[in-house]
Amino acid sequence: MTSLQPLPSDPWAPLRAFTPARIALGRTGCALPTQEVLALGLAHAQARDAVQRPLAVDRLVAELEHLGYPPWTVHSQAPDRATYLRRPDLGRRLTVESAALLDTQRSAAPVVIVMADGLSSLAVQEHAVPLLTALRQHSPARWSSLPVVVARQARVALGDAIGEHLGAAFVVVMIGERPGLSAPDSLGVYLTYAPQIGCSDAQRNCVSNVRSAGLSYAAAAARIDWLVAAGLSRRLTGVELKDESAAAHPPLLRD
Amino acid sequence: MSFTHTVDGTQWRFNSLRELLATASPERSGDALAGLMAASAVQRMAARLALADLPLRHFLLEAVVPYEQDDVTRLIIDTHDAAAFAAVAHLTVGEFRNWLLSPAADTQALTRLAPGLTPEMVAGVSKLMRHQDLIAVARKCSVVTRFRNTQGLPGRMGVRLQPNHPTDDLQGVAAAVLDGLLYGAGDAVIGINPASDDLPTFIGLWQMLDEVITRFEIPTQSCVLTHVTQQLRGMAAGAPVDLVFQSVGGTQQTNTSFGITLALLAEAQAAARSLQRGTVGTQVMYFETGQGSALSANAHHGVDQQTLEARAYGVARHFDPFLTNSVVGFIGPEYLYDGKQIIRAGLEDHFCGKLLGVPLGVDVCHTTHAEADFDDMDTLLTLLGTAGVNFIMGVPGADDVMLNYQSTSFHDALYLRDLLGLRRAPEFERWLERMQLTDGAGRLLPAKAGHALLAAASALSAA
């Protein structure tokens, strides 16, 4: 990363093979070596940028159109990132224009997908379309023809409003999770049966950590498809719907 | 009851104690989100001026959350020690601040007073205090606790070794435990936040930590930070549970949202004590709290988040904890927006906890979506060290790879020890020296080839 002569790491450095945690970093006096301070600073910078970076809506829309899912685009009542971060309540509500748009677009499909920037637009930009592709491969009948909504400055619960306005039986929200230093691009997927404004988090199931060093697209797709099928047939999601997809599929390996 | 104060001919009115406390609070995003924050800087100061004139006795007459509706209020009122309170019963909040900062309020006097103070009194006086006041008074407080070692002694500070792993992999956790021990951390507790939610995984973690502690005869304690009901199940299944963890909040409704009752906490405390796993004491509880948790659970009753945080310490105090930890920057910018708000909140929390007689440590931390960075963390860490914080976190490289937030590192703890001469718990200090990991002054020594912990590391690598 730099040309400086690195200080030696600690003699237990081979343990790094067992954990992504920053172990055996070495030290100079009590302090981190320069190369480790800079590595931490770079990771922090990447995560900070991931929070601030706006979703490239045009690119995402083009990718979805190419895949055969021309999306609708909506916006929460949080006009900008600064407001979004301070006012989670606004991130859960649609603007009047967005609500009116969806009201004219009622869908016959039971499931609607929301791709939302959340706290990491990077996550949705990189992983949402590949995940949708994996879902279609996993179960073409369920995932080939359904509406997709791209949502900006969105919290998870904005999916409830979107689902309600579209009259959907089920909403799948793919959203950027809070970026960590080791995972600035982690995608979370929240599943809610009978979405309506005011649903609580206890009424959702979640599949988290979808990213290249986390849960793979195929593994996530298997789990999501199982939960959607089970949720539709049992008419519920949340704490009463336990994820039993591991019983139906091989163990979900992280690559 | 309503309160008024006149500034330059303008009369400011506050309709309840709840409103007075909220308006007097320093600016923070969570109170703004709840619609409780002062509308102007002068209104805030008018509230502080009115608060300064309020007799401390008034806090026993007007509850911020109704007694009939809330078991935390009932706990606070029903267990209040009037005899201890007598020493300051004649004071107003403003006079109380003066007394706290006077030489009369020495360690002994503050220790005697603690059971006579309610969380609301302590929160109230903190709103009249600057950073230097919060530090100076907290430093005079002493809350000493014991399980397998002694925490909170003057001039000492503990570190929780936090070896989290994104999939609870036992080798991965063990690797981080060894890293922490080799860096001289882990006297407060070796405490894991598990990623999964199933009992067999927890039991594996408890057993592994117990093996490490037993094999190397480490005078410390372990904890798996899962829901208290899972820990009860673990104990029933014979798992080696040292400390029982639970998040607690300052209202009954918040605790309901956490899936707990006060009776459940009492049951867990009794169960852990019955195992008799402590060697120098029987304090078995580890609580975590954080400003904003009540608002997050929609359970704040119109009370500002700092007052509710102090009430959470009221809950903790009742269960005689070994450790209580304010996870100050974890909750996010909608509650504490930036470094300034996080730093202020960390100092308030530590002050309030200590004054109430709670063994307060602080997870000096931030999330990447808050307007804060490692410079802010260094500032708060250093201030809390001077304030005599009971313990801090030790996370490898300050980067928690499971919870996705930034805390303090083993290196940060070494920095603070070196800067301020803060020693480890005496039992753990002796163990490190015996293991030749530190010298006589507590300074870290390079681990020699063939050291028992390095051998354990090699064995782990070969496994």
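Biologist: Which residue forms a salt bridge with A:R48?

Modeller: In this predicted model, the partner of A:R48 is B:E371, and the closest N and O atoms of the pair are 3.2 Å apart.

Biologist: How many salt bridges does the rule find across the interface of chain B and chain A?

Modeller: Two salt bridges are found there. Polar contacts across the interface come to 15 residue pairs, both residues being at pLDDT 80 or more.

Biologist: Which elements give two or more residues to the side of chain B that touches chain A?

Modeller: Those elements of chain B are helix 2 (29–33), helix 10 (170–182), strand 14 (405–406), helix 19 (410–420) and helix 21 (452–462). Helix 10 of chain B supplies the largest share, with seven residues.

Biologist: And by class, what is on that side of chain B?

Modeller: The side of chain B that touches chain A has 25 nonpolar, 14 polar and seven charged residues.

Biologist: How much area do the two chains bury between them?

Modeller: Chain B and chain A bury about 3,500 Å², with 62% of it on carbon and sulfur atoms. In terms of residues, 46 of chain B are in contact with 38 of chain A.

Biologist: A change of topic: at what angle do helix 4 and helix 16 of chain B pack?

Modeller: Helix 4 (residues 71–78) and helix 16 (residues 305–318) of chain B pack at about 65°, and their axes are 10 Å apart. Their crossing is left-handed.

Biologist: Which residues make that contact?

Modeller: Helix 4 of chain B contributes B:V72, B:T73, B:L75 and B:I76, while helix 16 of chain B contributes B:R311, B:G314, B:V315 and B:H318. By class, this contact has four nonpolar, three polar and one charged residues.

Definitions and conventions:
Residues are numbered from 1 along each chain as its sequence is written. Chains are lettered from A and ligands numbered from 1 in the order in which they are written. This is a predicted model: local features need pLDDT of at least 70, side-chain atom pairs count only at pLDDT 80 or more; totals for chains, interfaces and linings use all residues. Side-chain values use heavy atoms; hydrogens and water are left out. Contact means heavy atoms within 4.5 Å. Buried area is the accessible area (1.4 Å probe) that two parts lose on being put together, summed over both. A salt bridge is a side-chain nitrogen of Lys or Arg within 4 Å of a carboxyl oxygen of Asp or Glu. A polar contact is a pair of N or O atoms within 3.5 Å; within protein, one must be able to donate a hydrogen and the other to accept it, and residues adjacent in sequence count only if both atoms are side-chain atoms. Helices (H or I, at least four residues) and strands (E, at least two) are DSSP runs, numbered from the N terminus. Ala, Val, Leu, Ile, Met, Phe, Trp, Tyr, Cys and Pro count as nonpolar, Asp, Glu, Lys and Arg as charged, and the others, Gly among them, as polar. Axes are lines fitted to C-alpha atoms, for helices over the stretch in contact, and angles run from 0 to 180 degrees between N-to-C directions. A crossing is left-handed if the near helix is turned anticlockwise from the far one by less than a right angle, and right-handed if clockwise.
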